[in-house]
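Here is a short briefing for a first look at a protein. Look over the sequence and the model, then read on.

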Amino acid sequence: MKEVPSLGVDQGKTIIEFLYIQLTRIPERRDFFIDEAKKVVNISGIEERIWKNSSIATLGYLARNGDLNERLASQRLCFSPLSNPNAAKKLIIGSDPSVRLDEGEKIFFGNSHMVTWLPLATDVAVAWSPGDRDVLRELKDKDVWKLNLKVFEQSAVIAGYSRELIESLVSSSGGL
């Protein structure tokens with residue numbers, strides 16, 4: 001990736017819907033998702049129905065119509081490919097893929113930083129960015145490591161580019 005993807009209106013809506021689904025699909029975020037659903041749908045017993053029937057269609061509906069969707073759509077995106085796509089350190093994918101970085105973990109680009117990240121593949125992540133347009137910023141190896149460690153620590157299941165990468169995360173975190 002050498003430049004910011006040029007997204008049409010429909011593509012922009014699709015990526016926001018995809019990001020919403022990634023943020024709300026996991027059991028660890030059940031309460032947040034149910035609260036969002038209650039804002040949109042006023043049905044008796046909605047918690048149980050959502051938990052039993054949560055599907056891509058339900059999540060998609062809420063992504064297109066919910067308050068979180070409006071907040072996500074009002075933000076710009078930072079597309080971040082790896083600065084060295086041939087490096088051994090690639091991004092891992094986890095069951096809880098959305099990473100919120102704390103003060104000491106933040107990834108800085110000049111004078112700004114992005115707090116919430118989502119790895120999309122082994123060689124690119126997306127973050128919510130301040131500003132009035134989408135941007136492209138390369139991730140350095142140390143930033144890839146920060147994101148990987150956070151995804152590893154918060155996910156029940158992970159997938160990675162190599163066995164060595166996964167083993168290095170296991171030993172850095174003190175084992176399983």
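Which residue in β7 does Leu118 stand opposite? Leu118 faces Val126. This is a predicted model, where local features need pLDDT of at least 70, side-chain atom pairs count only at pLDDT 80 or more, and totals for chains, interfaces and linings use all residues. Residues are numbered from 1 along each chain as its sequence is written, and side-chain values use heavy atoms, with hydrogens and water left out.

**Overall**
- The protein has 7 helices and 9 strands; these are DSSP runs, with helices (H or I) of at least four residues and strands (E) of at least two, numbered from the N terminus.
- Of the 176 residues, 40% are buried (under 20% relative accessible area, 1.4 Å probe, protein chains only).

**Sheet**
- An open sheet of 5 strands runs in the order β3-β6-β7-β1-β8, with mixed pairing; two strands pair if DSSP finds at least two bridges between them.
- Its edge strands, β3 (99-100) and β8 (135-136), each pair on one side only.
- β6 (residues 116-121) pairs with β7 (residues 124-129) in the antiparallel sense, over 4 bridges.

**Helix packing**
- α6 (residues 141-154) packs on α7 (residues 163-172) at about 70°, with axes 10 Å apart; axes are lines fitted to C-alpha atoms over the stretch in contact, and angles run from 0 to 180 degrees between N-to-C directions.
- That makes α6 roughly perpendicular to α7 (65 to 115 degrees).
- Trp145 and Phe152 are among the α6 residues that meet α7, where Leu165 and Leu169 are among the partners; contact means heavy atoms within 4.5 Å.

Notes:
Parallel < 35°, antiparallel > 145°, perpendicular 65-115°, else oblique. Buried < 20%, exposed > 50% of the residue type's maximum accessible area, 1.4 Å probe, protein only.
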